[in-house]
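Dear colleague,

Please find the structure below. A short account of the findings follows it.

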Amino acid sequence: MEVTAVPHNPAEARLTVTSPEQMRELGRRLAKLLRAGDLVMLTGELGAGKTTLTRGLGEGLGVRGAVTSPTFVIARVHPSLGDGPPLVHVDAYRLSGGLDEMEDLDLDVSLPDSVMVVEWGEGKVEELAEDRLRVVIHRAVGDTTDEVRQVTLTGLGQRWTDTDLETLEA
Ligand SMILES: Nc1ncnc2c1ncn2[C@@H]1O[C@H](COP(=O)(O)OP(=O)(O)O)[C@@H](O)[C@H]1O
Ligand SMILES: [Mg+2]
(Lines give C-alpha, C1' and ligand atoms only; values in the text may rest on other atoms or scores of the structure.)
(Ligands and ions follow the chains in the order given, each with its own letter.)
Protein backbone atom coordinates (compact mmCIF):
# COMPACT_ATOMS: atom_id res chain seq x y z
CA MET A 1 0.00 0.00 0.00
CA GLU A 2 1.24 3.45 -0.80
CA VAL A 3 1.05 6.12 1.80
CA THR A 4 1.19 9.65 0.62
CA ALA A 5 2.70 12.02 3.10
CA VAL A 6 0.57 15.04 3.70
CA PRO A 7 2.80 18.02 3.04
CA HIS A 8 2.83 20.58 5.79
CA ASN A 9 4.90 23.67 6.15
CA PRO A 10 6.98 23.41 9.30
CA ALA A 11 9.11 26.35 8.24
CA GLU A 12 6.72 28.92 9.62
CA ALA A 13 5.63 29.91 13.09
CA ARG A 14 3.51 32.71 14.48
CA LEU A 15 3.88 33.71 18.09
CA THR A 16 2.50 36.34 20.42
CA VAL A 17 5.09 37.83 22.72
CA THR A 18 3.88 39.89 25.65
CA SER A 19 7.01 41.38 27.22
CA PRO A 20 10.65 42.27 26.44
CA GLU A 21 11.74 39.37 28.65
CA GLN A 22 9.64 36.95 26.56
CA MET A 23 11.23 38.35 23.41
CA ARG A 24 14.66 37.62 24.87
CA GLU A 25 13.53 34.14 25.80
CA LEU A 26 12.34 33.61 22.23
CA GLY A 27 15.83 34.62 21.08
CA ARG A 28 17.44 32.16 23.49
CA ARG A 29 15.21 29.35 22.20
CA LEU A 30 15.72 30.30 18.57
CA ALA A 31 19.49 30.22 19.12
CA LYS A 32 19.25 26.48 19.76
CA LEU A 33 17.96 25.99 16.20
CA LEU A 34 20.70 28.07 14.58
CA ARG A 35 24.02 26.95 13.21
CA ALA A 36 27.02 28.33 11.38
CA GLY A 37 26.13 29.84 8.03
CA ASP A 38 22.60 30.86 9.00
CA LEU A 39 21.24 34.25 8.04
CA VAL A 40 18.42 35.73 10.13
CA MET A 41 16.71 38.83 8.78
CA LEU A 42 14.74 40.91 11.28
CA THR A 43 11.98 43.19 10.06
CA GLY A 44 9.88 45.57 12.11
CA GLU A 45 9.58 49.26 12.84
CA LEU A 46 11.83 51.14 15.24
CA GLY A 47 11.19 49.85 18.76
CA ALA A 48 9.55 46.64 17.55
CA GLY A 49 12.06 44.53 19.46
CA LYS A 50 14.62 43.43 16.87
CA THR A 51 17.60 44.22 19.07
CA THR A 52 15.89 42.72 22.12
CA LEU A 53 15.43 39.46 20.20
CA THR A 54 19.06 39.58 19.07
CA ARG A 55 20.15 40.02 22.71
CA GLY A 56 18.45 36.73 23.53
CA LEU A 57 20.07 35.12 20.49
CA GLY A 58 23.47 36.23 21.77
CA GLU A 59 22.71 34.76 25.19
CA GLY A 60 21.52 31.50 23.65
CA LEU A 61 24.56 31.24 21.42
CA GLY A 62 26.84 32.04 24.34
CA VAL A 63 28.75 34.87 22.75
CA ARG A 64 30.94 37.56 24.28
CA GLY A 65 29.81 41.15 24.70
CA ALA A 66 26.41 42.70 25.23
CA VAL A 67 24.22 42.94 22.16
CA THR A 68 23.20 46.57 21.77
CA SER A 69 21.78 48.70 18.99
CA PRO A 70 24.70 49.10 16.63
CA THR A 71 23.99 52.81 16.26
CA PHE A 72 27.40 54.03 15.19
CA VAL A 73 28.60 50.85 13.59
CA ILE A 74 27.04 48.87 10.82
CA ALA A 75 28.16 45.51 12.13
CA ARG A 76 29.52 44.05 15.32
CA VAL A 77 31.10 40.64 15.75
CA HIS A 78 30.47 38.76 19.02
CA PRO A 79 32.87 35.79 19.29
CA SER A 80 31.66 32.62 20.96
CA LEU A 81 32.70 32.04 24.57
CA GLY A 82 32.73 28.33 23.78
CA ASP A 83 33.29 26.56 20.50
CA GLY A 84 30.08 27.72 18.80
CA PRO A 85 29.79 30.13 15.88
CA PRO A 86 30.29 33.86 16.38
CA LEU A 87 27.28 36.17 16.12
CA VAL A 88 27.55 38.89 13.49
CA HIS A 89 24.97 41.57 14.31
CA VAL A 90 24.31 43.94 11.44
CA ASP A 91 22.27 47.14 11.38
CA ALA A 92 21.68 47.68 7.70
CA TYR A 93 19.73 50.90 8.22
CA ARG A 94 22.54 53.08 6.97
CA LEU A 95 23.70 50.55 4.44
CA SER A 96 22.82 52.02 1.09
CA GLY A 97 25.02 50.02 -1.21
CA GLY A 98 23.79 46.61 -0.14
CA LEU A 99 26.06 43.62 -0.46
CA ASP A 100 29.08 45.43 -1.88
CA GLU A 101 29.19 47.71 1.12
CA MET A 102 28.84 44.70 3.46
CA GLU A 103 31.84 43.07 1.87
CA ASP A 104 33.80 46.31 2.24
CA LEU A 105 33.28 46.17 6.00
CA ASP A 106 36.10 43.66 6.30
CA LEU A 107 34.44 41.86 9.18
CA ASP A 108 37.34 39.54 9.84
CA VAL A 109 35.04 36.53 10.15
CA SER A 110 33.82 34.17 7.51
CA LEU A 111 30.07 34.36 7.11
CA PRO A 112 29.69 30.62 6.42
CA ASP A 113 31.24 30.07 9.87
CA SER A 114 29.01 32.63 11.60
CA VAL A 115 25.42 33.20 12.53
CA MET A 116 24.47 36.51 10.96
CA VAL A 117 21.55 38.56 12.21
CA VAL A 118 20.56 41.60 10.18
CA GLU A 119 18.20 44.39 11.23
CA TRP A 120 16.69 46.46 8.42
CA GLY A 121 18.18 44.18 5.80
CA GLU A 122 15.22 43.74 3.49
CA GLY A 123 16.07 44.49 -0.10
CA LYS A 124 19.73 44.91 0.81
CA VAL A 125 21.38 41.70 1.95
CA GLU A 126 19.27 38.84 0.59
CA GLU A 127 22.17 37.94 -1.68
CA LEU A 128 24.27 36.92 1.32
CA ALA A 129 22.48 33.60 1.60
CA GLU A 130 19.87 31.96 -0.55
CA ASP A 131 18.48 30.27 2.54
CA ARG A 132 17.41 32.55 5.34
CA LEU A 133 15.11 32.91 8.30
CA ARG A 134 12.79 35.86 7.99
CA VAL A 135 11.47 37.24 11.27
CA VAL A 136 8.78 39.90 11.15
CA ILE A 137 7.83 41.69 14.38
CA HIS A 138 4.63 43.72 14.58
CA ARG A 139 3.24 45.72 17.45
CA ALA A 140 -0.25 44.48 18.21
CA VAL A 141 -2.90 46.91 17.14
CA GLY A 142 -4.82 48.39 20.08
CA ASP A 143 -2.33 47.18 22.67
CA THR A 144 -2.63 49.58 25.57
CA THR A 145 0.51 48.49 27.44
CA ASP A 146 2.57 48.57 24.25
CA GLU A 147 4.28 45.32 25.15
CA VAL A 148 2.47 42.88 22.88
CA ARG A 149 4.23 41.82 19.70
CA GLN A 150 3.22 39.43 16.92
CA VAL A 151 6.23 37.53 15.63
CA THR A 152 6.19 35.57 12.38
CA LEU A 153 9.17 33.38 11.54
CA THR A 154 9.52 31.98 8.04
CA GLY A 155 12.33 29.71 6.96
CA LEU A 156 13.21 30.17 3.30
CA GLY A 157 15.15 27.62 1.30
CA GLN A 158 16.41 24.08 1.71
CA ARG A 159 18.15 24.79 5.01
CA TRP A 160 14.83 25.26 6.78
CA THR A 161 12.80 22.41 5.35
CA ASP A 162 13.71 20.03 8.21
CA THR A 163 13.56 22.53 11.05
CA ASP A 164 10.31 22.61 12.93
CA LEU A 165 9.88 26.25 13.91
CA GLU A 166 6.62 25.37 15.60
CA THR A 167 8.64 24.04 18.53
CA LEU A 168 9.27 27.70 19.37
CA GLU A 169 5.61 28.16 20.14
CA ALA A 170 5.69 25.82 23.14
N1 LIG B 1 7.21 42.41 23.72
C2 LIG B 1 8.28 43.18 23.56
N3 LIG B 1 9.34 42.71 22.86
C4 LIG B 1 10.42 43.46 22.67
N5 LIG B 1 10.60 44.71 23.14
C6 LIG B 1 9.57 45.24 23.84
C7 LIG B 1 8.39 44.51 24.08
N8 LIG B 1 7.55 45.27 24.80
C9 LIG B 1 8.17 46.42 25.01
N10 LIG B 1 9.39 46.44 24.45
C11 LIG B 1 10.34 47.56 24.49
O12 LIG B 1 10.45 48.06 23.18
C13 LIG B 1 11.80 48.43 22.92
C14 LIG B 1 12.35 47.60 21.77
O15 LIG B 1 13.60 48.11 21.44
P16 LIG B 1 14.59 47.39 20.42
O17 LIG B 1 14.67 45.95 20.75
O18 LIG B 1 15.84 48.19 20.41
O19 LIG B 1 13.78 47.56 19.03
P20 LIG B 1 14.32 47.64 17.54
O21 LIG B 1 15.69 47.03 17.51
O22 LIG B 1 13.31 46.86 16.75
O23 LIG B 1 14.32 49.09 17.17
C24 LIG B 1 12.57 48.21 24.19
O25 LIG B 1 12.61 49.42 24.91
C26 LIG B 1 11.74 47.17 24.91
O27 LIG B 1 11.88 47.24 26.33
MG1 LIG C 1 17.49 47.74 16.75
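Which strands does H1 lie across, and at about what angle does H1 run to S1? H1 lies across S1 and strand S7 (149-156), and its direction is at about 155 degrees to that of S1. Axes here are lines fitted to C-alpha atoms, for helices over the stretch in contact, and angles run from 0 to 180 degrees between N-to-C directions. Contact requires that the C-beta atoms of two residues, placed from the backbone, lie within 7 Å. Helices (H or I, at least four residues) and strands (E, at least two) are DSSP runs, numbered from the N terminus.

This is a predicted model, in which local features need pLDDT of at least 70 and side-chain atom pairs count only at pLDDT 80 or more, while totals for chains, interfaces and linings use all residues. Residues are numbered from 1 along each chain as its sequence is written, and chains are lettered from A and ligands numbered from 1 in the order in which they are written.

The open sheet has 7 strands in the order S1-S7-S6-S2-S5-S4-S3, with mixed pairing; two strands pair if DSSP finds at least two bridges between them. Strand S1 (12-17) and strand S3 (75-78) are at the edges with a single partner strand each, so one side of each has no neighbour in the sheet. Strand S4 (residues 87-91) pairs with strand S5 (residues 115-119) in the parallel sense over 5 bridges, and leucine 87 stands opposite valine 115 in S5.

Yours sincerely
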